[in-house]
Amino acid sequence: MSELKRLNKYISETGICSRREADTLIAEGKVTVNGTVAEMGLKVSDADNITVNGKSLKAKPKRVYIAYNKPVGVTCTTEKKIKSNIVSAINYKDRIFPIGRLDRPSEGLIFLTNEGDIVNKILRAGNNHEKEYIVTVDKEIDQRFVEKMASGIPILDTITKPCKVKQLGKKRFNIVLTQGLNRQIRRMCEYLGFEVTKLKRVRIMNVSLNDLAVGQWRFLSDSEMAQINTSIADSSKTQERSTDHNKKAKKTFKPVLNEASKASEKPRDKRKRQEQSRKPAKRLSGTLSLKRK
């Protein structure tokens, strides 16, 4: 018997849309399974007859894994309305999406794929997969700079994980991260009073840029994918596994007023308390970004 999968995931894996877009199609009653209008959460297999907008779902495409040497100026988004989007830059025939991000002013290695499951396994910070960069800054660096960068820098309400840093020249250094905070390297340098003038990612896990020219892409080899799959075999796809233990949870303290306290408070304070009580509670949420450097 073939493997059962959630319908939205099954649809997205055919490449016609994202999982979120598949949810919308299902909610609008545009998806049928074996002749019956599908419901959210339904699980299906290859043996089921699935239609979307009245058309039978095509067979899943072959899994694609691409290594791309992103130039400066290309934006790591699939949004077609952004002219510099990475998908248009590569112009691959089927639907693909980037694994993680490199910010627009940065260049270097980035993976693209049509397989959703592999994305989070590679990206989650808790899985400790290495990413290597060569960085140039606006001023001369010294051993003290190297040691501080390597030991951890306080940014974005956390302290960066210890990492490997090696000086390459007066203003250049090599850094290997297992973390992916938003614009992490730039923020780390800014904290120490330096500005990044050039940032290039040269390696992700076991895959290096080597002779891949800027703007060119290639398929990952079978041997490269075999090593990646071995590396992520025990990796978690969930946020819980990848929790940043350096990050301290923020707690909000609100004093509770008893009746005596309420009776003695000033009219102005009472009005302020009443106004605050009528405001809708703020929704607290945590978001894990596909992190730019």
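Ile 134 stands opposite Asn 174 of strand E14, and this contact belongs to the pairing of strand E10 (residues 131-137) with E14 (residues 172-177), which run antiparallel and are joined by six bridges. The model is a predicted one, in which local features need pLDDT of at least 70 and side-chain atom pairs count only at pLDDT 80 or more, while totals for chains, interfaces and linings use all residues. Residues are numbered from 1 along each chain as its sequence is written, and side-chain values use heavy atoms, with hydrogens and water left out.

Strand E10 also pairs with strand E15 (residues 196-204), in the antiparallel sense and over seven bridges; here Val 135 has Leu 199 of E15 as its bridge partner. Strands count as paired if DSSP finds at least two bridges between them, and the elements themselves are DSSP runs numbered from the N terminus, with at least four residues for helices (H or I) and at least two for strands (E). Six of the seven residues of E10 are buried, so that the strand is mostly covered, where buried means under 20% relative accessible area, exposed over 50% and partly exposed in between (1.4 Å probe, protein chains only).

Two helices can be set side by side, with the arc taken from the directions from the helix axis to the C-beta atoms.

| Helix | Buried residues | Arc of buried residues | Exposed, other side |
| H2 (19-27) | Ala 22, Leu 25, Ile 26 | 100° | Arg 20, Ala 27 |
| H7 (222-231) | Glu 224, Met 225, Ile 228 | 95° | Asp 222, Thr 230 |

The largest pocket holds about 1400 Å³ of space. A pocket is here an open set of points on a 1 Å grid over the protein atoms alone, where a 1.4 Å probe fits and protein lies on both sides within 12 Å along at least five of seven lines, and lining residues have an atom within 4 Å of a point; the volume is the space filled by probe spheres set on the points, which are joined across faces, edges and corners. Of its 35 lining residues, Ser 18, Arg 19, Thr 78, Arg 95 and Phe 97 are the closest to the centre. Helix H2 is among the elements that give two or more residues to this lining, as are helix H1 (7-12), strand E8 (97-99) and helix H4 (117-123).

Cys 163 is buried at a relative accessible area of 13%, and Cys 189 is buried at 0%.
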